[in-house]
Amino acid sequence: MSEASVMTEGSSAHHAAEGGPKSKMALWWFLASEVMVFGGFLAAYILFREAAHGAWNELAEHLSVPLATFNTLLLLTSSLTIVKALDAAKAGRHIAARNNLAITILLGIGFLVVKGIEYSTEISHGFTPLAGMFWSFYYTLTGLHGLHVIVGIVINLSMLVSIMRKGERFKAGNRVEAAGLYWHFVDVVWVFLFPLLYLSH
Amino acid sequence: MSETGHAEPTSFFRRYIFSTDHKVIGKQYLFLGMVMALLGGLMAYVMRWQLAWPGSQVPGAALLSEPAVVDGVVTPPFYNALVTMHGTIMVFFVAMPILLGAFGNYLVPLMIGARDMAFPRLNMLSFWILFTASSVMMISFFVPGGAAAGGWTAYPPLSARPLLSGVNWGMNLWILGLALEFSAFLLGGVNLLTTVVTMRAPGMTMWRLPMMVWMQLTAAIIFMLSVGPTIAGAILLLLDRVVGTGFFVPQQGGDPLLWQHLFWFFGHPEVYVILLPGIGVLAEVLPAFSRKPIFAYKMILYSIFVAGVLSFLVWAHHMFVSGMNPTLVMPFSVATILISVPFTIVIFALIATLWGGSIQLPTAMLYALGTLTMFIIGGITGIFNGSAPVDIYIHDTYFVVAHFHYTLFPTVLLGGLAGFYFWFPKMFGRMLNETLGKIHFWLTLISFNAVFLPMFALGIGGHVRRIYDPSTYDLLKPLHGITTFVTIATVCLLLSQIPFLINIVVSLTRGERAAANPWRANTLEWSTASPPPHENFVGDPVVMRGPYEYSVPGADQDWLPQMQDADTATTR
Amino acid sequence: MAHKAGMAYVAVWAWLVILLFVSVAAVYLPFGSTITTALIFLVATVKAVLIGTYFMHLREESRLVRSLAIIPVILFLIMLVSLIPDIVVNTGVHNASAVSH
């Protein structure tokens, strides 16, 4: 009976030291709440667009489908490279992990650059955020998404620095997986933003 | 993140200010919540003085300055700010910090047999984010234009166009303060969920969790799932204000009702986020002082889960008279009436817990009984509001104010005080004075009813909410006596807290030292010292049974702690 | 073993790219706008499910994590559908005119 009180194996302290499922669970929790945030924005956009009964379709034609398609390609590919980086990190192949992570970051930066090109083209044609409800939504939705991309790039950069500094000693724990999950989430949001903004004619 | 097994900090700052110990953080939330409660209560006092004696000098208003208060008289813009900030502070900076931040943080690791939360440093960050948020809210009073004044519900276009309300930075700071508060509790929620899922002691199955832990968990989940649309709405509102977009402005093609939907989609589940920990307090206190197991543990849980799901489907009952499509009125009205069913089951289960018990009446139990009975009044009056034809008449009157004060006040204040009196010995190692406690209870209970019961009559009589000077309306002149009575009762309610504050100071310094388990209760926190050591438990707890094994036939004492060896705890 | 998993990821990526071009091409197909819209959003959903299942490893995760992934989506849909009668059908009632710009 008193052994029970002296027991140390399997205790919560031991479990905690592994940092096992905690970061991943925490990140899924965060992602769930982010789905609701983006959901709020998307619901507002969808509802207003439907309320316009097709009037926004011609406005959407001022957006560049080719550029956005290219951007979607960039993000989809970056999801591939980050999951490969994670796999490599887990297998101890830190060079492959580093390279794939670097490509992910570059693809993310590329996305932002293309977005910047889109914005400057649209603004030079007079389509500012205040040019009407469609444009207000366009800049708000893509702007918020872009902010999330920037945060993702920063997170990935800090991981890259960590891998480069530690080399073989880099431990691919759940933090790498958590960063990957965040990046995939950003990709999934774009997967819906793209048709909602660009393809709904 | 550094986990358990770290040495106890020694410097004052690391022990009491920037601590990662969930017990310290819980007390910090408690202290912050109590300070904000005092501020929110004083705001109500100033408001009520203006209502009872319009245009008169408010005692104590000399402390406030122009342009809010002119010669001691509350100005209309300041009155609106008081209304807004009273509601905002009470919901977001009192109810949530006390019920979730304080009780959640302090109790959950102890009750599951863990040494701390899953992410102790994140826990500390959450508190300090909330502290910053509270500061931002209070600072908003002092910027040009004053604090936000569009109601705690911030309906546009009034809230979307600074020119309409005269409030500019105050409202922007309000949005910022709320954003910070949401962040604090989102971070806190992830901490709580991860802790409960991954750090329960051996033998602590989900079905052996104390009801308080279930309530905290469910509340955190509801909060996390509901707050998103309001965050989206708040960002859109901020853009409207600062950039000039027109998401909620009709002239620019926007829709004010969109805000209302986005706000109440969260706003309604939020009140259950607040309610659930209050029920958790009852679920711990009532069995302990009836010396009986809680009645129908699983039934209560399933009812709470059903209610949690339903809570996402009733939000538009706040909008029956908003001009929204009438087609939506009936479904939301039906769902609202339906949600009373699971809560009624819970209330009945709590009453059944008392039935046939050997009832003891320390202050904590008095407060618990007060919470239960007063909440029943609140719950019943919810039916009237939920029934759309009736709501058309009573919406935005003092009837609604009475309803939600009869639900929120019992939950937050009476329930919070029940928890405070119950867990004070554990938290601070001292017993509170019972005589002062009982005086506090009766004064508070009677004053509370004196304030809010007449409001039902005021509401039906036509007294609408948020008006500055009722004496300008002929309709309200016959009701003025009631209004004055309510104001006097408000002063009494505030003064009734004095015995409480005295009790705290006296007990902390000279109170009788508390044993580990002064109430002879079963949950894990009572099997360790009062207050618990830094690592919560000596040795590792192993759980042998459920939390409500009171008066088990054949046992030699009428309580049976969850941990096997009650004497592994260091008692004094 | 690592290679096999690696190829699976590339296969998923290939499908994602194919689906992307399907949805872009759909705009130019002669279907009615309702069908096209439905198709495009179906494709988007499939892409999201692919990313979630394979890249985010939802297949190997616990029921709790999978619930965290799916429940917000359901809530979003409930919110969206509930608001249609008010914000879409009722246009012009609470705002100045039908949203046309």
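These legends cover close-up views of a predicted model.

**View 1. Chain B as a whole.** Chain B has 16 helices and 2 strands. Its C-alpha trace spans about 70 × 50 × 50 Å along the principal axes.

View 2. Lys24(A) pairs with Glu61(C), and their closest N and O atoms are 2.8 Å apart. Lys24(A) sits in helix 3 of chain A and Glu61(C) in the loop between helix 2 and helix 3 of chain C, so the pair joins two chains. Lys24(A) is buried at 17% relative accessible area. Glu61(C) is buried too, at 13%.

View 3. Lys115(A) and Glu118(A) meet at 3.0 Å, N to O. The two lie 3 residues apart in helix 6 (residues 94–124), about one helical turn. Lys115(A) is buried, with a relative accessible area of 5%. Glu118(A) is buried as well, at 1%.

**View 4. A salt-bridge network in chain B.** Arg291(B), Arg520(B) and Asp558(B) are linked by salt bridges. Asp558(B) and Arg291(B) meet at 2.8 Å, N to O. Asp558(B) follows helix 16 and Arg291(B) lies in the loop between helix 8 and helix 9, so the pair ties together parts 267 residues apart in sequence. Arg291(B) is buried at 1%, whereas Asp558(B) is partly exposed at 22%.

**View 5. A positive surface patch.** Arg165(A), Lys166(A), Arg169(A), Lys171(A), Arg175(A) and Arg121(B) form the patch. Arg175(A) belongs to helix 8 (residues 174–199) of chain A. Arg175(A) is exposed, with 61% relative accessible area.

Methods: Residues numbered from 1 in each chain as written. Chains lettered and ligands numbered in written order. Predicted model: local features only at pLDDT ≥ 70, side-chain atom pairs only at ≥ 80, totals over all residues. Heavy atoms only, no water. Patch = residues over 30% accessible without salt bridge, like charges linked within 9 Å, V, L, I, M, F, W, Y side chains within 5 Å. Areas by Shrake-Rupley, 256 points an atom, 1.4 Å probe, with all protein chains shown as cover. Salt bridge = Lys/Arg side-chain N within 4 Å of Asp/Glu carboxyl O. Lys, Arg positive; Asp, Glu negative; His and termini not counted. Charge placed at Lys NZ, Arg CZ, Asp CG, Glu CD. Helix = DSSP H or I, 4+ residues; strand = E, 2+ residues; numbered from the N terminus. Buried < 20%, exposed > 50% of the residue type's maximum accessible area, 1.4 Å probe, protein only.
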